[in-house]
Amino acid sequence: VTSLLIDFIGSASYLIPLLGEAFDLTWAPTSMILVGALYDDIMPNLKYVALMEELLPLTDWIPSAMLGWVREFGPGILEEWRGRGPGMKT
């Protein structure tokens, strides 16, 4: 949920036509800190991707926080799904 919120706030700048880019300048360091706090142990460079995503124009569509979430939890979800098989009850 936190990763979705981080990406949603970063993408919300598209809702404000002229002020959106100014908002991105203030949100970029915050996004970098939050992504770094969440995913620095598994993807140390992701915080820089999040920073650049917010600073560069037309890159807000990249879900950098969700990329970290998928990298951290995706393999476990796949292994759990493979172990039980689709539709099997525990």
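Setting aside neighbours within four places in sequence, E54 is in contact with G10, D24, W27, A28, S31 and D60, where contact means heavy atoms within 4.5 Å. This is a predicted model, in which local features need pLDDT of at least 70 and side-chain atom pairs count only at pLDDT 80 or more, while totals for chains, interfaces and linings use all residues. Residues are numbered from 1 along each chain as its sequence is written, and side-chain values use heavy atoms, with hydrogens and water left out.

## Helix α3 and its glutamates

E54 sits in helix α3, which covers residues 46–55. Helices here are DSSP runs of H or I with at least four residues, and strands are runs of E with at least two, numbered from the N terminus. Is E54 buried or exposed? E54 is buried, yet it has no salt bridge. Buried means under 20% relative accessible area, exposed means over 50%, and partly exposed lies in between, using a 1.4 Å probe and protein chains only. A salt bridge is a side-chain nitrogen of Lys or Arg within 4 Å of a carboxyl oxygen of Asp or Glu. For E54, the nearest side chain of opposite charge is K47, 16 Å away; Lys and Arg count as positive and Asp and Glu as negative, with His and the chain ends not counted.

E53 is also placed in helix α3. E53 counts as buried because its relative accessible area is 3%. Leaving out residues up to four places away in sequence, E53 touches T59, D60, I62 and S64. The C-alpha atoms of E53 and A28 are 7.9 Å apart, although 25 residues separate the two in sequence.

L55 is another member of helix α3. With a relative accessible area of 35%, L55 is partly exposed. Together with L25, M52 and L56, L55 forms a nonpolar surface patch of about 350 Å² of accessible area. Such patches take residues with over 30% relative accessible area and no salt bridge, joining like charges within 9 Å and nonpolar side chains (Val, Leu, Ile, Met, Phe, Trp, Tyr) within 5 Å. The areas come from the Shrake-Rupley method with a 1.4 Å probe, and for residues only the protein chains shown count as cover.

## The bend in α2

Where does helix α2 (residues 20–39) bend? The bend is at W27, by about 40 degrees, and a proline, P29, follows within four residues. This angle is taken between axes fitted to the seven residues ending there and the seven starting there. Buried residues of α2 include D24, W27, A28 and S31. I33 also lies in α2, but I33 counts as exposed because its relative accessibility is 58%.

## Two salt bridges

The structure holds two salt bridges, and here they are:

| Pair | N to O distance |
|---|---|
| D40 and K47 | 3.1 Å |
| E79 and R82 | 3.3 Å |

D40 is partly exposed at 31% relative accessible area, whereas K47 is buried at 18%. E79 and R82 are both exposed. They lie three residues apart in helix α4 (residues 64–84), about one turn of the helix.

## A loop residue to look at

L58 belongs to the loop between α3 and α4. L58 has a positive phi of about 65 degrees although it is not a glycine. Most residues other than glycine have a negative phi. L58 counts as exposed, with 67% relative accessibility.
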